[in-house]
Amino acid sequence: MIKVLFVCLGNICRSPMAEYVFKDMVKKEGIAEKFYIDSAATSNGELGNSIHYRTRNKLEEMNIEYGNHVARRITRQDYDEFDYIIGMEEQNIINIKRIVGEDKENKVFKLLDFSKNPRDIADPWYTGNFNKTYDDIVEGLEGFIKYLKKEMLTS
Ligand code: 4NP
């Protein structure tokens, strides 16, 4: 079982979008049973809230199923439990390490570092551009799946 945790600031826009898009991708690849996939926040700001309505609208537009999301904050135990902890932007990575401590097992990644053009995923809470967020997330996840396939072949 490969355990993947997507992380952003609030856990209502980017990380749940990545969670549900990735669940959809692995389902379509026929490898869903190999994964446990979740998402979390670095801040307390949106704890207990469901996904942002514009994230929900985008997922519906793309025919991607989503669950009954409840925003939660990443914990130290998550670091032990998950194999990949994937932030959306550099500030997420800094905040993740503040919460979980030093990344001794090299589990912490930035999503678009798996793409050919590494960069941050801008926060749609501020940009208002959920289409761009979606495109960036898909680009990162496609790179991540390629990376995992290579890892599986070589390990
Ligand atoms: P997210 O977006 O980190 O992609 O979930 C945000 C959601 C809420 C806030 C900031 C970013 N906020 O400041 O409440």
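**Close-up views of a predicted model**

**View A. The ligand shell by residue class.** Around the ligand, the shell holds 6 nonpolar, 2 polar and 3 charged residues. The model is predicted. The surrounding residues are Cys8, Leu9, Gly10, Asn11, Ile12, Cys13, Arg14, Glu46, Asp123, Trp125 and Tyr126.

View B. Arg14 places a polar side-chain atom 2.8 Å from an oxygen atom of the ligand. Glu46 also contributes a polar side-chain atom, at 2.9 Å from a ligand oxygen. The ligand taken alone exposes 350 Å², and the protein buries 88% of that.

**View C. Aromatic pairing at Tyr84 and Phe144.** The model has 12 aromatic pairs. Tyr84 and Phe144 make one that is edge-to-face. Their ring centres are 5.3 Å apart, with 75 degrees between the planes. The pair links distant parts of the chain, 60 residues apart. Tyr84 belongs to strand β3 (residues 84-87), Phe144 to helix α6 (residues 130-154). Both residues, Tyr84 and Phe144, are buried.

**View D. The aromatic cluster.** Tyr84 and Phe144 belong to one aromatic cluster.

**View E. Lysine charges over tyrosine rings.** Lys58 has its charged end over the ring of Tyr134, at 5.2 Å from the ring centre. The charged end of Lys107 sits over the Tyr79 ring, 4.9 Å from its centre.

Note on methods: Residues are numbered from 1 along each chain as its sequence is written. This is a predicted model: local features need pLDDT of at least 70, side-chain atom pairs count only at pLDDT 80 or more; totals for chains, interfaces and linings use all residues. Side-chain values use heavy atoms; hydrogens and water are left out. Rings of Phe, Tyr and Trp (its six-membered ring) pair if their centres lie within 6.5 Å; planes under 30 degrees apart count as stacked, over 60 as edge-to-face and the rest as tilted. Helices (H or I, at least four residues) and strands (E, at least two) are DSSP runs, numbered from the N terminus. Buried means under 20% relative accessible area, exposed over 50%, partly exposed in between (1.4 Å probe, protein chains only). A charge sits over a ring if NZ of Lys or CZ of Arg is within 6 Å of the ring centre and within 35 degrees of the ring normal. A residue is near a molecule or strand if one of its heavy atoms lies within 4 Å of it. A polar contact is a pair of N or O atoms within 3.5 Å; within protein, one must be able to donate a hydrogen and the other to accept it, and residues adjacent in sequence count only if both atoms are side-chain atoms. Accessible areas come from the Shrake-Rupley method with a 1.4 Å probe; for residues, only the protein chains shown count as cover. Ala, Val, Leu, Ile, Met, Phe, Trp, Tyr, Cys and Pro count as nonpolar, Asp, Glu, Lys and Arg as charged, and the others, Gly among them, as polar.
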